Amino acid sequence: MPGMGIGYFTKLICFLQPSLNGYIMDQWLAKSVNLLLGNPLIHIASKTWVSDQNTPAIYEEFCTYIDNLASEIGKSGFDTEEFLFSIGGRKKGMWRGHVVQHY
């Protein structure tokens, strides 16, 4: 079904089982992590969708990266995820603007 790919299921993990410390791997988080790493860990299709080619191992590496980044900046994983997601819409947040410009 359209719209029910890996990005959707990571939302279920995040919201329905927060104790798993899973993060939402949507296009904005995926692009953010890829930019910060300097290489494409997460496969993105058509520059807008997180590809279903991503494996559970990639998702685990993605979550671990966010946890490590959170530790480095002294924030929780969820706060770090929220920062990387940033603000969208017409008036984008500073980080979202950076992602749009450089991805």
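**Reading burial, contacts and a surface patch**

Mentor: In this predicted model, a nonpolar patch on the surface is formed by Met4, Tyr8, Phe9, Leu12, Phe15 and Leu16, and together these residues have about 590 Å² of accessible area.

Trainee: What is found at the start of α2, and what just after it?

Mentor: At the start, a side-chain oxygen of Asp26 comes to within 3.2 Å of the backbone nitrogen of Trp28. The cut-off for a polar contact is 3.5 Å, so this pair is within it. Just after α2, Gly38 has a positive phi of about 80°.

Trainee: How do you know whether Trp95 is buried or exposed?

Mentor: Trp95, in helix α5, has a relative accessible area of 16%. Buried means under 20%, so Trp95 is buried.

Trainee: Which residues is Trp95 in contact with, leaving aside its neighbours within four places in sequence?

Mentor: The contacts of Trp95 are Ser32, Leu36, Phe83, Leu84 and Ser86. Among them, Leu84 is 11 residues away along the chain, and the C-alpha atoms of Trp95 and Leu84 are separated by 6.8 Å.

Trainee: How does the side chain of Trp95 meet the backbone of Leu84?

Mentor: The side chain of Trp95 reaches the backbone oxygen of Leu84 at 3.5 Å.

Trainee: Ser86 is also in contact with Trp95. Where does Ser86 lie, and what is noted about its phi?

Mentor: Ser86 lies in the loop between α4 (77-85) and α5 (94-102). Its phi is positive, about 65°, although Ser86 is not a glycine. Most residues other than glycine have a negative phi.

Trainee: And why is Ser86 called buried or exposed?

Mentor: The relative accessible area of Ser86 is 16%. That is under the 20% cut-off for buried, so Ser86 is buried.

Notes:
Residues are numbered from 1 along each chain as its sequence is written. This is a predicted model: local features need pLDDT of at least 70, side-chain atom pairs count only at pLDDT 80 or more; totals for chains, interfaces and linings use all residues. Side-chain values use heavy atoms; hydrogens and water are left out. Patches are made of residues with over 30% relative accessible area and no salt bridge: like charges are joined within 9 Å, nonpolar side chains (Val, Leu, Ile, Met, Phe, Trp, Tyr) within 5 Å. Accessible areas come from the Shrake-Rupley method with a 1.4 Å probe; for residues, only the protein chains shown count as cover. A salt bridge is a side-chain nitrogen of Lys or Arg within 4 Å of a carboxyl oxygen of Asp or Glu. Helices (H or I, at least four residues) and strands (E, at least two) are DSSP runs, numbered from the N terminus. Buried means under 20% relative accessible area, exposed over 50%, partly exposed in between (1.4 Å probe, protein chains only). Contact means heavy atoms within 4.5 Å. A polar contact is a pair of N or O atoms within 3.5 Å; within protein, one must be able to donate a hydrogen and the other to accept it, and residues adjacent in sequence count only if both atoms are side-chain atoms.
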